Each structure stands twice: as C-alpha cells, then as structure tokens.
Amino acid sequence: MGLIMGGNLLRADLEAALARISAEPRGEEGASAVDEEDRRWREGLDRNRDIADALKILPAKALSCKKVERLSHISLEEFICNYFLRESPVIISGAIDHWPARTKWKDIKYLKKIAGDRTVPVEVGKNYVCSEWKQELITFSQFLERMWSSDCPSNLTYLAQHPLFEQIKELSEDIIVPDYCYVGGGELQSLNVWFGPHGTVTPLHHDPHHNILAQVLGRMYIRLYPASISEELYPHTETMLSNTSQVDLDNINLKEFPRAENLEFMDCILEDGELLYIPPKWWHYIRSLSTSFSVSFWWRATVQPSGGS
C-alpha cells in the first residue's frame with residue numbers, strides 16, 4: 001500500500017522490507033491445485049485461436065477493412081521514415097523474442113512467486129465509461145482467482161494502465177525498453193501494464209503520446225481510427241473523458257451517432273511477441289481475445305512527425 005499510494009515517501013525502506021519478506025520461505029501449494037491452476041492459465045492463453053470464433057465476439061466489420069501492416073524486426077531507419085514521421089501504425093514482430101518475460105510469464109507459478117502476495121489496484125466492470133465500473137485493491141493471487149471465475153462483463157476484473165514495474169521491481173528485469181521508443185529524441189513518459197482475462201475491453205479513445213504496445217502473452221483485437229476524423233467519433237464533452245469516444249463499437253447507436261457509420265479504419269489481431277506502434281491522438285479500441293498481458297511504452301518526441309494520417 002505504501003508503494004502504491006505513498007509516492008517516494010520511505011520508498012527505500014519499504015523496498016528493503018519487501019526484499020526481506022520475499023526471502024522468507026513460504027508454504028507450497030498442493031500438486032493438484034498447482035496443476036489445475038496451470039491448466040486454467042494455459043487454457044486462458046489459448047482461447048479464440050480460430051478466426052471464425054473470434055469474429056463472433058468482435059465489433060461489426062472487424063477484419064474486413066484495411067489491415068495494419070505487419071513487418072518483421074524492422075530497422076530504426078525504416079521505422080522512422082515509413083511510420084514514425086508519417087504517423088502511421090505498424091506491427092513489428094521478432095523485436096521482443098529475447099525478453100525473459102516471453103518465457104517466464106508463461107509460468108503462472110513464477111508470477112505468483114514474484115507477485116502473488118502483493119496488493120494491486122484492479123478495475124472491475126465492462127470498461128471505465130460504464131456506470132457499474134469500480135476500482136478495488138486486492139492481492140495479485142486474488143486477482144488471478146477472479147480471472148478464472150468470472151464470465152460476466154459487470155464482474156470482469158483486470159489491471160489497466162498500472163505502473164506495475166515501479167511497484168514490483170523483479171518484473172521490470174524481465175522486459176527491455178524497445179529501441180523504437182527513443183526515436184525522435186524520445187523521452188519515456190510512462191511504462192504501464194495491461195493484464196486481464198478474455199473479453200476485457202478498452203473503449204475507443206486516444207492518448208497524447210507515441211505508444212509502443214508490446215503483447216507479451218495472449219492475443220488482442222485492436223481497431224484504429226486516425227486523429228483527422230475525431231469529430232466523427234463524438235468525443236465526450238466532459239474534460240475527464242474528452243479523449244474517449246461516446247460511440248460503443250460493440251453496439252453502435254446510429255440514431256445518436258450517425259457520422260460514425262461507414263468510417264474507414266484499420267485493425268488487426270495483435271499476437272503474442274508482437275509490437276504495435278500507435279501514433280499520438282490515433283483513436284483505438286481494444287478487446288482481449290484470450291488472457292492477455294501487455295506493456296505500453298509511452299514516449300514524447302522532441303522531433304515532431306509531419307503528420308501523415
């Protein structure tokens with residue numbers, strides 16, 4: 001609680017205390033319980049592999065328009081010239097295969113050993129614009145239990161935009177900031193985790209910074225609209241939600257939002273081990289197709305792109 005809510009107050013003392021506690025031996029779970037948990041974890045990661053199954057739960061017209069370009073481990077020069085300066089999304093594969101997280105986080109026992117007893121802030125409900133949405137503080141182990149037990153949208157529990165690596169330093173050693181995040185004289189602004197079960201939805205919104213979204217585990221559907229059509233997406237008028245669209249892509253009300261019909265977009269299924277570059281102010285909607293663990297790297301550039309969107 002001190003690390004989550006106390007800022008830098010007594011941080012060194014708190015981290016030293018945690019290191020001592022973590023070094024203490026602890027009781028082991030029974031083999032049958034561990035096997036069952038591992039089975040559920042792997043089943044969650046493997047959900048909706050079939051495109052036909054995935055399309056049943058995706059918004060209308062999914063995967064029928066322009067696809068996000070997918071390239072393998074492109075050079076910094078190619079990224080800068082063809083995507084960063086033009087402010088154009090791109091999927092990059094092969095760039096994080098060397099991360100320890102790509103293998104370690106597939107082991108639920110490892111995650112529980114490192115983070116199981118730690119308190120984390122979770123979000124509960126379909127998404128943050130729904131009236132029943134709320135936030136809670138629970139242990140990481142309790143969070144995992146909820147992931148197995150709830151298929152009801154109003155009880156979906158997930159970690160969203162949480163600086164987990166500042167709180168749990170051991171996990172930060174499993175990832176490496178991609179070189180792409182230093183493009184344009186880049187200055188990293190935040191590094192956040194998104195972790196939840198299949199069916200977790202982030203509503204259509206935009207962010208102020210360049211973003212490399214790293215899909216460490218699982219798969220997500222992502223739809224993107226350029227900043228140039230913001231007015232057609234009916235942003236909320238309240239200041240706190242002005243970066244969020246009033247349009248619910250899962251159930252579009254065309255009487256209330258007629259300009260949202262037939263807008264061009266690009267979309268993709270982001271697979272585990274891939275990066276997605278999302279330029280500033282590009283609108284994006286995300287739905288997890290399986291248990292999903294991703295990391296977003298926001299950075300601010302001193303060299304401004306030309307704006308090819």
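Predicted model: local features only at pLDDT ≥ 70, side-chain atom pairs only at ≥ 80, totals over all residues.
Good morning. I begin with a cysteine: Cys268 has a relative accessibility of 3% and so counts as buried, where buried means under 20% relative accessible area, exposed over 50%, and partly exposed in between, with a 1.4 Å probe and protein chains only. Residues are numbered from 1 along each chain as its sequence is written, and side-chain values use heavy atoms, with hydrogens and water left out.

Let me stay with the cysteines. How many disulfides does a search of the whole structure find? The search finds 0, a disulfide being a pair of cysteine sulfur atoms within 2.5 Å. For Cys65, the closest cysteine sulfur belongs to Cys268 and is 13 Å away, which is too far for a bond. Cys268, for its part, is in no disulfide.

Ile91 and Ile269 are 178 residues apart along the chain, and their C-alpha atoms are separated by 9.8 Å.

I turn now to the sheets. In what order do the 5 strands of the open sheet stand? The order is β1-β11-β10-β13-β8, with mixed pairing; two strands pair if DSSP finds at least two bridges between them. The edges are β1, residues 66–67, and β8, each with a single partner strand, so one side of each has no neighbour in the sheet. Within it, His205 has His284 of β13 as its bridge partner.

Another strand to look at is β14, where 8 of the 9 residues are buried. β14 runs antiparallel to β7, with 9 bridges joining the two, and Asn192 stands opposite Ser296 of β14. β14 also runs antiparallel to β9, residues 210–217, through 7 bridges. In that pairing, His210 faces Trp299 of β14.

Between β7 (187–196) and β8 (201–205) there is a loop that holds Thr200. Is Thr200 buried or exposed? Thr200 is buried, since its relative accessible area is 12%. A polar atom of the Thr200 side chain lies 2.8 Å from the backbone oxygen of Pro197. Apart from neighbours within four places in sequence, Thr200 is in contact with Leu156, Tyr158, Ile286, Arg287 and Ser288.

My last topic is the aromatic rings. A pair of aromatic rings is described by the distance of the centres and the angle of the planes. Rings of Phe, Tyr and Trp (its six-membered ring) pair if their centres lie within 6.5 Å; planes under 30 degrees apart count as stacked, over 60 as edge-to-face and the rest as tilted. By this rule there are 14 aromatic pairs. One of them joins Tyr221 and Tyr285, whose ring centres are 6.3 Å apart with planes at 65°, so this pair is edge-to-face. Tyr221 belongs to strand β10 (residues 220–225) and Tyr285 to strand β13 (residues 283–288), so the pair ties together parts 64 residues apart in sequence. Both partners are buried: Tyr221 has a relative accessibility of 0%, and Tyr285 has a relative accessible area of 1%.

Tyr277 and Trp299 make a tilted pair, with 6.0 Å from centre to centre and 35° between the planes. This pair links strand β12 (residues 274–278), which holds Tyr277, to strand β14 (residues 292–300), which holds Trp299, across 22 residues. Tyr277 and Trp299 are both buried. Elsewhere, ring pairs connect Trp41, Trp105, Phe140, Phe143, Phe165, Phe195 and Phe293 into a cluster.

Finally, Arg223 lies over the face of Phe265, 3.8 Å from the ring centre; a charge sits over a ring if NZ of Lys or CZ of Arg is within 6 Å of the ring centre and within 35 degrees of the ring normal. Thank you for your attention.

Note on methods
Helix = DSSP H or I, 4+ residues; strand = E, 2+ residues; numbered from the N terminus. Polar contact = N/O pair within 3.5 Å; in protein donor to acceptor, adjacent residues only side chain to side chain. Contact = heavy atoms within 4.5 Å.
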